[in-house]
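I opened the notebook to write down a few things about the backbone and the charged side chains. My entries follow in the order in which I looked things up.

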Amino acid sequence: MNYIFDVDGTLTLSRQEIDTEFKEFFLNFIKKHNCYLVTGSDYAKTLDQLGKEICESVTASFNCAGNSVWQKGKQTWANEWKLPSDAREWLEGMLDESGFYRKTGKHIEERPGMVNFSIVGRNCNLEERAMYREWDEHKNERSFIAAVFEDTFGLSAQVAGETGIDIVPPGADKSQVVEWIEKPIVFFGDKMQLGGNDFPLVKALEQYNKCSSIQVKDWKDTQRMLWALENSIVHEHVGVV
């Protein structure tokens, strides 16, 4: 069995470092199973969140929604796609039109093979992040922007993390990682609903037998499920039902 893990909202709080005790638990799980990471963030941010030991212990880290592949601390593949200028201008227009008043800068972040768009901006602090999350829960701003953007430019746009929208060419989303990993697969993520950036991978895995997706609420939920999984494997091995 191969295991794929989203990062933000699944292994950590959004954009935060992994809990110390959970880190030890997860490292122990990695040592016993084939594990992969898949995230919209670039490798440097994943390294900050999870640490070098986890990032280099997993079989591969699929960053930027699978458009930047890292193994043992080295990038082994990258997509060179860039955002078209008219799409950039459209996003800048949405930024100007947004009613959210706290805008911190770094709103369009280019990563290998993808772009992350954020109304509040990547420079926001935790308080500003929480403010925008509450705003978006009431206004559904990101879902609206993503839907109109897709219709206008024919690119894929998915709600990601707490403040962003991940933009990639069609098919260059998290679903592409299934081509790299032997089946069967179990995928853990928190944004599996339609429009979420885990959704394409969920749909891709539905095409294969013995593959499944598990939606979690947060890293604590992930830890509980992995603990239960480990127990079931041990019980099965010793003949306990």
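I started with N140, which sits in the loop between α5 (126-139) and α6 (141-153). The model is a predicted one, and I kept that in mind for every entry. I looked up the phi of N140 and found it near 50°, a positive value in a residue other than glycine. I then asked how accessible N140 is. The relative accessible area of N140 is 46%, so I noted it as partly exposed.

Next I turned to K72, in the loop between β4 (68-71) and β5 (74-78). K72 is not a glycine either, yet its phi is positive, at about 55°.

The bond that joins K183 and P184 is cis, with omega at about 5°. I located P184 in the loop between β9 (164-168) and β10 (185-189).

Then I moved on to charged side chains. Side chains of opposite charge can pair when their charged atoms come close. How many salt bridges does the structure hold? I wrote down 13.

I looked up one of them between R142 and D136, where the closest N and O atoms are 2.8 Å apart. Buried means under 20% relative accessible area. R142 has 7%, so I listed it as buried. D136 has 9%, so D136 also went down as buried.

D190 is buried, at 14% relative accessible area. K191 is buried as well, at 16%.

My last pair was K174 and D198, whose side chains meet in a salt bridge at 2.7 Å, N to O. Which parts does this pair tie together? K174 lies in the loop between β9 and β10, and D198 lies in the loop between β10 and α7 (199-205), so the pair ties together parts that are 24 residues apart in sequence. I checked burial here too: K174 has a relative accessible area of 1% and is buried. D198 is buried, with a value of 0%.

Notes: Residues numbered from 1 in each chain as written. Predicted model: local features only at pLDDT ≥ 70, side-chain atom pairs only at ≥ 80, totals over all residues. Heavy atoms only, no water. Helix = DSSP H or I, 4+ residues; strand = E, 2+ residues; numbered from the N terminus. Buried < 20%, exposed > 50% of the residue type's maximum accessible area, 1.4 Å probe, protein only. Salt bridge = Lys/Arg side-chain N within 4 Å of Asp/Glu carboxyl O.
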